[in-house]
Amino acid sequence: MANSDPSIQKRSRFRRAGESAYGLLLVGKNTVMAAVALLLLVAGVWTSWDTAQHAMLAKGRERGTVTIARCGEDTCTGPFVPAGPEGRPRAKVTIDRAVTHKKGERLLVAVRPGTDEVVRTGNAGVLYAWVPFGGALLLSALVVAGGLRMRRTAWALGLLGLTLLGASFATL
């Protein structure tokens, strides 16, 4: 059967090849954008897990309290008192200044194995540990919205990131 409508013309081989190449470029762009968004999320989890594992997992961790005695620009120091018999008291441990407010404050902490550094535990410590992941959620929301044109998914990622960062800020 031949085409009986004279207004419809068969597309040339060159045009069909161009359309295929454009389709491949779109698929390639979407693949790259999805990989960038996934890389941001994985990097956020990886960075957060370094601190979060000590704040969240109790088994095999030395836990106790630290009383803030002195604060510098980035860190605060104070004596550590273990919560159980498995720990040992320390005269001076270091904690990130962002998780404490004032001198004399007592915080529940866990000691990083092999160091005199401590991380805050409890709700505030766990939320603070996941702050890098909250930032990664916000950044990946921009990539998903702009690069993949998935606006609803981007809004969900962005709102999750904002919620995590807001909750961390509120509890600290």
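## Briefing on helix packing, strand pairing and an aromatic cluster

In helix α2 (residues 122–129), Ala-124, Leu-127 and Tyr-128 meet Leu-164, Ala-167, Ser-168 and Thr-171 of helix α4 (residues 151–171), where contact means heavy atoms within 4.5 Å. This is a predicted model, in which local features need pLDDT of at least 70 and side-chain atom pairs count only at pLDDT 80 or more, while totals for chains, interfaces and linings use all residues. Residues are numbered from 1 along each chain as its sequence is written, and side-chain values use heavy atoms, with hydrogens and water left out. Helices (H or I, at least four residues) and strands (E, at least two) are DSSP runs numbered from the N terminus.

**Helix packing**

- The axes of α2 and α4 come within 9 Å and cross at roughly 140°, the axes being lines fitted to C-alpha atoms, for helices over the stretch in contact, and the angles running from 0 to 180 degrees between N-to-C directions.
- That angle makes α2 oblique to α4, on a scale where under 35 degrees counts as roughly parallel, over 145 as roughly antiparallel, 65 to 115 as roughly perpendicular and the rest as oblique.
- The crossing of α2 and α4 is left-handed, a term for the near helix being turned anticlockwise from the far one by less than a right angle, with clockwise giving right-handed.
- Helix α3 (residues 131–147) packs against α4 at an angle of about 160°, with the two axes 8 Å apart, and α3 and α4 are therefore roughly antiparallel to each other.
- The crossing of α3 and α4 is left-handed, and its contact residues include Phe-133, Leu-137, Ser-140 and Val-144 on the α3 side and Leu-157, Leu-160, Leu-164 and Ser-168 on the α4 side.

- Ser-140, which is placed in helix α3, counts as buried at 0% relative accessibility, where buried means under 20% relative accessible area, exposed over 50% and partly exposed in between (1.4 Å probe, protein chains only).
- Leaving aside neighbours within four places in sequence, Ser-140 is in contact with Ala-37, Leu-40, Leu-41 and Leu-157.
- Arg-149 is found in the loop between α3 and α4 and counts as exposed at 55% relative accessibility.
- Arg-149 has a positive phi of about 60° although it is not a glycine. Most residues other than glycine have a negative phi.

**Aromatic cluster**

- The count comes to two aromatic pairs, under a rule by which rings of Phe, Tyr and Trp (its six-membered ring) pair if their centres lie within 6.5 Å, with planes under 30 degrees apart counted as stacked, over 60 as edge-to-face and the rest as tilted.
- The rings of Trp-49 and Trp-130 have centres 6.3 Å apart and planes at 45°, so this pair is tilted.
- Because Trp-49 lies in helix α1 (residues 13–56) and Trp-130 in the loop between α2 and α3, the pair ties together parts that are 81 residues apart in sequence.
- Trp-130 also forms an aromatic pair with Phe-133, and this pair is edge-to-face, at 6.0 Å centre to centre with 80° between the planes.
- Trp-49, Trp-130 and Phe-133 form one aromatic cluster, within which Trp-49 is partly exposed at 34% relative accessible area, Trp-130 counts as buried at 16% and Phe-133 is partly exposed at 21%.

**Strand pairing**

- Five of the six residues of strand β1 (residues 62–67) are buried, so β1 is largely enclosed by the rest of the structure.
- Six bridges join β1 to strand β5 (residues 106–111) in an antiparallel arrangement, two strands being paired if DSSP finds at least two bridges between them.
- Strand β3 (residues 75–82) also pairs with β1 in the antiparallel sense, over three bridges.
- Gly-64 has Val-109 as its bridge partner in β5, and Thr-65 has Val-81 as its bridge partner in β3.

- Asp-74 is placed in the loop between β2 (70–71) and β3, and at 57% relative accessibility Asp-74 counts as exposed.
- Not counting residues up to four places away in sequence, Asp-74 touches Ile-95, Asp-96 and Arg-97.
- Asp-74 and Val-36 are 38 residues apart in sequence and 31 Å apart in space, C-alpha to C-alpha.
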